[in-house]
Amino acid sequence: MIELETIQQQVLDAKQLRIFAGKSQFENPKSAPSVALLDMTQYAGVIEYYPEELVITVKAGTTIKHLNEILVENNQATSFVLPDNEKSTIGGAYAMGNPDLRDAVLGIKIIDGRGRLLSFGGQVMKNVAGYDVARLLAGSKGKMAIICEISFKIIPLNYAQKIACLKNIDQPIPIKTKKLSTLKIQIEQGIKNIFDPLGKFI
Ligand SMILES: Cc1cc2nc3c(=O)[nH]c(=O)nc-3n(C[C@H](O)[C@H](O)[C@H](O)COP(=O)(O)OP(=O)(O)OC[C@H]3O[C@@H](n4cnc5c(N)ncnc54)[C@H](O)[C@@H]3O)c2cc1C
């Protein structure tokens, strides 16, 4: 297991960095010596869990399997369906842009391309003036920032089961892979310039 300070130092030391976790979507890089690899499965575990508040905060490398096991002990569940394999992590699912997870997110802690630890949002739902960064970085695919911690809403297990039954969902919502519009590319470049102006995350 690693500490946030260690990750921050890795960002400062690296010329370029590739982030991975459970590797379910990650293709092994044709590794150039200048590209360091960051394994986020080393930053895993529950930070805070308030069953009565229906909120949990976890480290990004926590597997979805482990998360589900903890929640079910309290008759609770996530409001989103994610692959429950041994490897997939919550940070990876957020970085891949699972839409239901994005909707449930209340706050995130990230490390940006300058190695700064930044927090956005919190553990309660608030109206956001300006950019809702906690949701903006959903789908950033490891190219904008390191997602370190995520707080999100959870729901009672029987409610989750009813929703799944009503909507007939027991599979994750497929990730959209359609071609980006020119506007979307420009927006993504703008976000990259804010969080990773030196182009560390590739
Ligand atoms: C067969 C299969 C089917 C799937 N179907 C679906 C589906 O239908 N719907 C769905 O929502 N998901 C689906 N997934 C994807 C899955 O939910 C997520 O991709 C998975 O949780 C990613 O987690 P991972 O730990 O394996 O990430 P990895 O595969 O290791 O990484 C995925 C991406 O996220 C980035 N990343 C990982 N962790 C972080 C972090 N902490 N900070 C910043 N960037 C990070 C990586 O750079 C990479 O770009 C599927 C996966 C598989 C293998």
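Mentor: By class, the shell around the ligand holds 17 nonpolar, 9 polar and 3 charged residues, where Ala, Val, Leu, Ile, Met, Phe, Trp, Tyr, Cys and Pro count as nonpolar, Asp, Glu, Lys and Arg as charged, and the others, Gly among them, as polar. Please keep in mind that this is a predicted model, in which local features need pLDDT of at least 70 and side-chain atom pairs count only at pLDDT 80 or more, while totals for chains, interfaces and linings use all residues. Residues are numbered from 1 along each chain as its sequence is written.

The ligand is surrounded by 29 residues, the closest being Ala21, Gly22, Gly91, Gly92 and Gly142; a residue is near the ligand if its C-beta atom, placed from the backbone, lies within 6 Å of it. Among the elements that give two or more residues to this shell is strand S8 (146–156), strands being DSSP runs of E with at least two residues, numbered from the N terminus.

Turning to its partners, two strands pair if DSSP finds at least two bridges between them. Strand S6 (residues 105–111) pairs with S8 in the antiparallel sense over 6 bridges, and Ile110 has Ile147 as its bridge partner in S8. Strand S4 (residues 55–59) also runs antiparallel to S8, joined by 5 bridges, with Val55 partnered by Lys153. Strand S5 (residues 76–78) pairs with S8 in the antiparallel sense over 3 bridges, and there Gln76 is partnered by Pro156.

Key: Helix = DSSP H or I, 4+ residues; strand = E, 2+ residues; numbered from the N terminus.
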